[in-house]
Amino acid sequence: MATSMVIGTQWGDEGKGKIVDCLAERADVVVRSQGGNNAGHTVVVDDKAFALRLLPSGILYDNKTNIIGTGVVIDPKVLLGEIAGLEKEGKSAKTLKISDRAHLIMPYHIALDTAEEASKGDAKIGTTKNGIGPCYADKINRIGIRVCDLYDMDVFKEKLAYNVEFKNKILRNVYGADGVNYDEILVDYINYAEALKPYVTDTNIALLKAVKADKKVLFEGAQATMLDLDHGTYPFVTSSHPIAGGASTGAGIGPNYLKNIFGVVKAYATRVGAGPFPTEQLNEIGENLRNLGHEFGTVTGRPRRTGWLDLMVVKYAAGLNSLDYLAITRLDILDSFKELKICVGYKLNGKDVEGFPADLKDLEACEPVYETLPGWETDISGIREYDKLPENARQYVERIAEVTGVPLGIVSVGPNRNQTIDLVKIF
Ligand code: GDP
Ligand code: IMO
Ligand code: MG
């Protein structure tokens with residue numbers, strides 16, 4: 001079957017966009033199935049960086065179908081802004097298809113996200129404040145507004161009136177924040193409806209047809225395993241299912257169609273936002289990683305927290321996602337280190353930990369067990385063949401494969417398309 005998937009194995013920003021862009025060269029269809037504009041996927045084409053948030057990373061080629069599936073939450077203003085930005089660069093979104101079942105992010109979701117975070121004080125999650133959580137909450141609560149509602153104004157107005165009244169009570173009375181205005185939202189969303197109309201369709205039909213016709217379909221994960229609502233470090237997670245199974249529900253495709261699953265592993269660890277991070281380095285090593293890797297959020301510009309590679313996390317991701325291959329990214333960022341540590345286990349109260357702790361107090365009390373490997377102290381960004389990598393670099397990535405039990409599929413040594421070493425051919 002000609003499908004493949006790219007999944008984040010850590011806390012996001014592993015370089016999924018770059019890996020999708022590379023695999024997309026040979027794909028026919030690229031699909032986003034969850035998340036929203038909390039994602040920031042950087043794709044570098046001819047030294048120009050594109051920061052994609054809602055648009056699938058296949059959009060930079062002009063001959064691929066790009067699908068925004070049902071499980072994605074769509075802020076129409078952001079999406080239209082992205083499309084306009086693309087057009088300004090001489091590219092086009094004409095191949096885009098948007099699910100008529102996807103839920104819409106509304107201004108009250110953003111207001112609630114901001115107010116909820118502020119009210120939590122030190123316990124805040126550190127969300128992107130894009131309204132992601134409140135939008136998914138409405139979907140689960142069965143009061144959300146879907147893309148198809150934009151084209152039935154009676155339904156849209158009724159749902160909007162209900163939500164604005166209800167949300168304004170919460171915003172004003174619970175949080176002491178400003179409410180939102182029904183008339184303004186209505187006018188804006190009527191305009192968005194018109195602008196998005198050419199792209200809206202039943203993506204389930206398009207996707208199933210593509211898969212049945214043996215088209216090469218690539219699923220692009222957003223966020224990552226440790227941010228999964230069920231399996232991540234709850235509550236410091238996002239509100240969707242970034243694991244491989246989430247693509248089945250989110251894109252609307254049976255699980256038997258999902259093959260060739262790549263887990264993207266950044267060669268060290270980062271996290272943006274709050275929550276436990278066992279291998280975090282709040283020291284010079286962490287500073288070095290942040291500066292060498294320019295680890296600042298694509299969307300928010302926030303400094304990312306940094307630490308050593310945690311293979312307890314990647315092992316957990318390997319099982320949850322049934323990974324077929326690893327895509328190791330940003331190996332070049334480690335070029336200057338004399339030695340490198342990788343976490344191969346946790347100890348809790350002196351005992352080895354099996355699996356990944358659910359209780360955050362346990363996780364915080366876990367002590368990482370490190371192995372120290374020699375660095376390669378060579379610039380590897382120009383290397384294109386696996387065998388030409390320095391022996392210590394090969395030893396580092398091979399140890400990752402060994403500990404996680406997942407073979408290497410791709411090794412990435414720079415942000416550009418050509419700075420990629422392919423060890424498998426999927427399509
Ligand atoms: P995503 O959210 O998983 O798509 O990752 P982001 O785009 O947020 O962050 C990854 C960053 O690393 C982007 O700036 C990419 O251009 C860049 N990148 C991806 N792969 C590599 C690599 O192998 N080496 C280097 N130096 N940068 C990379
Ligand atoms: P990509 O696809 C890194 C984090 C936020 C916060 C938590 C919840 O670029 O890897 P949300 O706004 O989703 O309710 O925030 O999840 N987060 C990400 N961190 N990369 C992302 O996406 C993220 N999307 C959400 O920082 O901690
Ligand atoms: Mg990102």
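Trainee: Which backbone atom of Val-272 lies by an oxygen atom of ligand 2, and what is the distance?

Mentor: A polar contact is a pair of N or O atoms within 3.5 Å; within protein, one must be able to donate a hydrogen and the other to accept it, and residues adjacent in sequence count only if both atoms are side-chain atoms. Here a backbone N or O atom of Val-272 lies 3.2 Å from an oxygen atom of ligand 2, a backbone N or O atom of Asp-13 lies 2.8 Å from an oxygen atom of that ligand, and the side chain of Arg-302 places an N or O atom 3.0 Å from an oxygen atom of ligand 2. Taken alone, ligand 2 exposes 560 Å², of which the protein buries 97%, with accessible areas from the Shrake-Rupley method and a 1.4 Å probe, where for residues only the protein chains shown count as cover. This is a predicted model, in which local features need pLDDT of at least 70 and side-chain atom pairs count only at pLDDT 80 or more, while totals for chains, interfaces and linings use all residues. Residues are numbered from 1 along each chain as its sequence is written, chains are lettered from A and ligands numbered from 1 in the order in which they are written, and side-chain values use heavy atoms, with hydrogens and water left out.

Trainee: How many residues surround ligand 2, and how do they divide by class?

Mentor: A residue is near a molecule if one of its heavy atoms lies within 4 Å of it. Ligand 2 is surrounded by 21 residues, the closest being Lys-16, His-41, Thr-128, Gln-223 and Thr-238. Eight are nonpolar, 10 polar and three charged, where Ala, Val, Leu, Ile, Met, Phe, Trp, Tyr, Cys and Pro count as nonpolar, Asp, Glu, Lys and Arg as charged, and the others, Gly among them, as polar.

Trainee: Which residues are closest to ligand 1, and which backbones contact its oxygen atoms?

Mentor: Of the 20 residues surrounding ligand 1, the closest are Lys-16, Gly-17, Thr-42, Asp-332 and Ser-412. Its shell divides into four nonpolar, nine polar and seven charged residues. Oxygen atoms of ligand 1 lie 3.1 Å from a polar backbone atom of Glu-14, 2.9 Å from a backbone N or O atom of Gly-15 and 2.8 Å from a polar backbone atom of Gly-40. Alone, ligand 1 exposes 580 Å², and the protein buries 92% of that.

Trainee: Which peptide bond is cis, and which residue other than glycine has a positive phi?

Mentor: Most residues other than glycine have a negative phi, and most peptide bonds are trans. In this model, the bond from Tyr-234 to Pro-235 is cis, with omega near 5°, whereas Asp-46 has a positive phi, near 50°.
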